[in-house]
Amino acid sequence: MSESRLYTFSPETKEKLRKFRLSTSRAKDPQAIIYIIDAKSQEIRPQDGEVYSKMEDLADDLPESSPRFILLSHPLTLGDGRLSVPYVLLYYLPENCNPSQRMMYAGATELMRSTAEVNRVIEVEGEEDIISIAARLSGSE
């Protein structure tokens, strides 16, 4: 619990999180935003504010050796024909990231999950995990 107090969200970021969650529930396409932890201020904030709708573009913009949080709302058609829009937190943890960053993000994961109000955290390691996330989401619904 004490670790979560290390990390903060600005009021603007909290509002963006809320608006993103509410606006994506009816989206027709995937919606994703990359979040980073500022190492100096310990603030969790959007990387650049870009909203991704193509998983390939999202994967291209992720660093090869730094962890990231990705909020993802991904519409899926279930086997029985119903539409589902899972809202999840992708915890991007590439194999070759440095241990201090790995620890920083590990310590903030639960705070990010609860503040963003997502039900599931899915760990992803690389580009292929991001691009194939729809299969993973539909397999576990």
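This is a predicted model: local features need pLDDT of at least 70, side-chain atom pairs count only at pLDDT 80 or more; totals for chains, interfaces and linings use all residues.

**Exercise 1. Decide whether the radius of gyration agrees with that of a compact globule.**

Solution. Start with the expectation: for 141 residues, a compact globule would have a radius of gyration near 14 Å. Next, take the value for the protein, which is 15 Å, so the two agree. To picture the extent, note that the C-alpha trace spans about 45 × 30 × 25 Å along its principal axes.

**Exercise 2. List the helices and strands in order.**

Solution. First count them: the protein has 5 helices and 7 strands. Then walk from the N terminus, where the order reads α-β-β-α-β-β-β-β-α-β-α-α. Finally, consider how the chain meets itself: among contacts between residues at least 6 apart in sequence, 64% join residues at least 24 apart.

**Exercise 3. Work out which residues and elements build the largest nonpolar core.**

Solution. Begin with the members: this core has 23 residues, and Tyr35, Ile37, Ile44, Phe69, Leu71 and Met112 touch the most other members. Now look at the elements giving two or more residues to the core: helices H1 (11-24) and H3 (99-116), together with strands S1 (31-37), S3 (68-73) and S6 (87-92). Of these, H3 gives the most, with 6 residues. A second, separate core holds 18 residues, including Ala32, Val88, Tyr92 and Val124. As background, nonpolar side chains tend to be buried together in soluble globular proteins.

**Exercise 4. Is Met112 buried or exposed, and which residues does Met112 touch?**

Solution. Locate the residue first: Met112 lies in helix H3. Its relative accessibility is 0%, so Met112 counts as buried, the cut-off being under 20%. Leaving out residues up to four places away in sequence, Met112 touches Phe9, Leu17, Tyr35, Ile44, Phe69, Leu71 and Leu89. Take Tyr35 from that list: Met112 and Tyr35 are 77 residues apart along the chain, while their C-alpha atoms are separated by 9.4 Å.

**Exercise 5. Count the charged side chains.**

Solution. There are 17 positive and 23 negative side chains. The centres of these two sets lie 9 Å apart.

Technical notes:
Residues are numbered from 1 along each chain as its sequence is written. Side-chain values use heavy atoms; hydrogens and water are left out. A nonpolar core is a set of buried Ala, Val, Leu, Ile, Met, Phe, Trp, Tyr and Cys residues joined through side-chain atoms within 4.5 Å. Buried means under 20% relative accessible area, exposed over 50%, partly exposed in between (1.4 Å probe, protein chains only). Helices (H or I, at least four residues) and strands (E, at least two) are DSSP runs, numbered from the N terminus. Contact means heavy atoms within 4.5 Å. The radius of gyration is taken over C-alpha atoms; the globule rule is 2.2 Å times the number of residues to the power 0.38. Lys and Arg count as positive and Asp and Glu as negative; His and the chain ends are not counted. The place of a charge is taken as NZ of Lys, CZ of Arg, CG of Asp or CD of Glu.
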